[in-house]
Amino acid sequence: MNFHYPNGKKFNASTPPIKKTNNTKQVSYSNRGMTLEEDLNETNQYYLTHGIAVIHKKPTPVQIVDVHYPQRSAAVIKEAYFKQPSTTDYNGVYQGKYIDFEAKETRNKTSFPLQNFHEHQIHHMKQVYEQKGIVFVILRFSTTEEFYYLPFSSLLDFWERMIKGGRKSITKSEVEQNGYKIPIGLNPRIDYLNIVHHVFFESQNR
């Protein structure tokens with residue numbers, strides 16, 4: 001079956017071969033080669049299993065363009081396209097509050113390109129923000145294996161700066177100043193709700 005991205009490029013599901021190495025150095029759980037999506041899915045499963053929150057990744061919409069029917073009771077999809085999601089990657093509920101966030105990563109060490117975000121995602125997050133939902137982005141600097149929680153209000157400021165002709169990225173120092181670094185753990189892997197709780201619950205009760 002052939003899958004294509006929204007730009008028409010064919011999706012290749014094959015994975016590169018693992019390179020053998022003679023280095024027997026033990027790898028800690030803080031660097032297991034997992035993708036950001038895998039890390040977050042594992043984290044959200046921990047939250048769900050322990051009754052902390054119910055947060056799921058939204059499935060990527062697919063448009064089917066070619067279906068064969070070898071039998072009347074069976075259909076075989078021959079070709080499909082990944083459609084561009086119209087909202088964010090993750091949503092759910094935590095302590096009675098609606099959670100909505102996007103997750104992005106870059107190999108850039110000094111800045112985070114704003115081209116990683118789409119205008120419709122910014123628009124959706126702004127709508128959630130205006131309805132008093134908890135909305136943010138999780139940024140991963142994959143080269144240094146660093147994770148940051150960035151409030152949507154800060155992302156919106158940087159986005160509007162770009163729209164007005166300013167820089168097209170967020171510097172690493174701006175991420176550090178406006179966001180919160182998420183420590184890498186084991187269970188959960190990326191405990192972003194610890195920051196959510198501090199920002200939206202503990203601070204309001206002071």
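Colleague: Starting with Glu145: buried or exposed?
Modeller: At 14% relative accessibility, Glu145 counts as buried. Buried means under 20% relative accessible area, exposed means over 50%, and partly exposed is in between, using a 1.4 Å probe and protein chains only.

Colleague: What am I looking at, and how is it numbered?
Modeller: It's a predicted model, where local features need pLDDT of at least 70, side-chain atom pairs count only at pLDDT 80 or more, and totals for chains, interfaces and linings use all residues. Residues are numbered from 1 along each chain as its sequence is written, and side-chain values use heavy atoms, with hydrogens and water left out.

Colleague: Back to Glu145, where does it lie?
Modeller: In the loop between strand 8 (134-141) and strand 9. Helices (H or I, at least four residues) and strands (E, at least two) are DSSP runs, numbered from the N terminus. Glu145 has a positive phi of about 55°, although it is not a glycine.

Colleague: And what about the phi of Gln95?
Modeller: Positive too, at about 50°, and Gln95 is not a glycine either. It is found in the loop between strand 5 (90-94) and strand 6 (97-106). With 48% relative accessibility, Gln95 counts as partly exposed.

Colleague: Switching to the sheet, what's the strand order?
Modeller: It's an open sheet of six strands in the order 2-5-6-8-9-11, with mixed pairing. Two strands pair if DSSP finds at least two bridges between them.

Colleague: Which strands stand at the edges?
Modeller: Strand 2 (54-57) and strand 11; each has a single partner strand, so one side of each is left without a neighbour in the sheet. On average, neighbouring strands are turned by 25° against each other, direction ignored. Axes here are lines fitted to C-alpha atoms, for helices over the stretch in contact, and angles run from 0 to 180 degrees between N-to-C directions.

Colleague: How many bridges join strand 5 to strand 6?
Modeller: Five, and the two strands run antiparallel. Asn91 stands opposite Asp100 in strand 6.

Colleague: Which strands does helix 2 touch?
Modeller: Helix 2 (residues 119-130) packs on the sheet against strand 6 and strand 8, and its direction makes about 150° with that of strand 6. Contact means heavy atoms within 4.5 Å. Helix 3 (residues 152-163) lies across strand 8 and strand 9, at about 85° to strand 9.

Colleague: New topic, aromatic rings. What counts as a pair?
Modeller: Rings of Phe, Tyr and Trp (its six-membered ring) pair if their centres lie within 6.5 Å; planes under 30 degrees apart count as stacked, over 60 as edge-to-face and the rest as tilted. By this rule the count comes to 13 aromatic pairs.

Colleague: Why is the pair of Tyr47 and Tyr192 called edge-to-face?
Modeller: Because their planes are at 80°, with the ring centres 5.4 Å apart. Tyr47 is in helix 1 (residues 36-49) and Tyr192 in helix 5 (residues 192-202), 145 residues apart, and the pair links these distant parts of the chain. Tyr47 is buried at 2% relative accessible area, and Tyr192 is buried at 0%.

Colleague: How far apart are the ring centres of Tyr149 and Tyr180?
Modeller: 5.9 Å, with planes at 75°, so that pair is edge-to-face. Tyr149 lies in strand 9 (residues 146-151) and Tyr180 in strand 11 (residues 180-182), so the pair ties together parts 31 residues apart in sequence. Tyr149 is buried at 1%, whereas Tyr180 is partly exposed at 34%.

Colleague: Last one: which residues does the cis peptide bond join?
Modeller: Asn187 and Pro188, with omega about 0°. Pro188 lies in the loop between strand 11 and helix 5.
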